[in-house]
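Subject: A structure for you to look at

Hi there,

I am passing on a structure that I have been looking through. Please open it beside this email and follow along as you read.

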Amino acid sequence: MILMKPSNFKNQRGMTLIELMASTVILAIIVSIAIPNMQSLLTSNSIKTVAPFFVKTIELARTEARKYDSIVRVMPKFHNNDASLDWSKGWLIEVTNPITNLNETLHTFETLPGSPIFTSNTFSRNTPMQLLPNGQAVILGNFDMYYQGCKGKQRIGYELMVSGRLKKETSVCP
């Protein structure tokens, strides 16, 4: 069987200008809807990645307190003569050497990726978190971590308990 082409059918190569414009408009609409949702997803994934890192830091500090049989301090790094409550620029674990009676830095942690807002209304350079040789906390307090522009329940709060462990709570962004 032989199929015949209608006489008004042309061999078309490519798209017409109208088809191209329509495709571009549709693509622009899809991108404008997808980008804010992707940013929210990336922020959520970032906070979920960064937050457990801090928990592991505190577990390490508890281990070091037992190992050195001494009080271990966890505090934000010192920046520009600032004793603020900002932990996002990094923190350190410190112990007092019983022989020399000098403070020694055991571990240093760098600035968090993506510059989250990470503060404590309790702990600062002047009032460090202190963990006893048995791992328990001397002072109880809180930490707050979220990224600027976060949406929904992407804010993570930590409460330092007497045991020296952190209790995590997720809440709505400010």
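Which of the 28 residues in the largest nonpolar core touch the most other members? They are Phe54, Val74, Trp87, Trp91, Phe118, Phe143 and Met145. Helix H1 (17–68), S1, S2, strand S3 (103–109), strand S5 (129–131), strand S6 (141–146) and strand S7 (155–160) each give two or more residues to this core. H1 contributes the most, with seven residues.

Before going further, please keep in mind that this is a predicted model. The protein chain has a mean pLDDT of 82, and 81% of its residues reach 70 or more. Among its elements, S5 has the highest mean pLDDT (95) and H1 the lowest (77).

Leaving aside residues up to four places away in sequence, Met145 touches Ile47, Val50, Ala51, Phe54, Leu112, Ile117, Phe118, Gln154, Arg155 and Ile156.

Next, the strands. All five of the five residues in S1 are buried. Val72, Val74 and Pro76 are on one side of S1, Arg73 and Met75 are on the other, and both faces are covered. S1 pairs with S2 in the antiparallel sense over five bridges, and Pro76 stands opposite Trp91 in S2. S1 also runs antiparallel to S5, joined by three bridges; here Val74 has Met129 as its bridge partner.

Now for the aromatic rings. The structure holds 14 aromatic pairs. In one of them, the ring centres of Trp87 and Phe143 are 5.1 Å apart and the planes are at 85°, so this pair is edge-to-face. Trp87 is in the loop between S1 and S2 while Phe143 is in strand S6, so the pair ties together parts that are 56 residues apart in sequence. Are these two residues buried or exposed? Trp87 counts as buried because its relative accessibility is 0%, and Phe143 counts as buried because its value is 3%. Both residues also belong to one aromatic cluster, together with Phe53, Phe54, Trp91, Phe109, Phe118, Phe123 and Tyr158.

Finally, have a look at Ser88, which lies in the loop between strand S1 (72–76) and strand S2 (91–96). Ser88 has a relative accessible area of 6%, so this residue is buried. Which residues does Ser88 touch, not counting those up to four places away in sequence? Its contacts are Thr111, Leu112, Pro116 and Phe118.

Enjoy exploring, and send me any questions you have.

Best wishes

Methods:
Residues numbered from 1 in each chain as written. Predicted model: local features only at pLDDT ≥ 70, side-chain atom pairs only at ≥ 80, totals over all residues. Heavy atoms only, no water. Helix = DSSP H or I, 4+ residues; strand = E, 2+ residues; numbered from the N terminus. Buried < 20%, exposed > 50% of the residue type's maximum accessible area, 1.4 Å probe, protein only. Contact = heavy atoms within 4.5 Å. Core = buried A, V, L, I, M, F, W, Y, C linked by side-chain atoms within 4.5 Å. Pairing = 2+ DSSP bridges. pLDDT = per-residue confidence, 0-100. Phe/Tyr/Trp six-rings, centres within 6.5 Å; stacked < 30°, edge-to-face > 60°.
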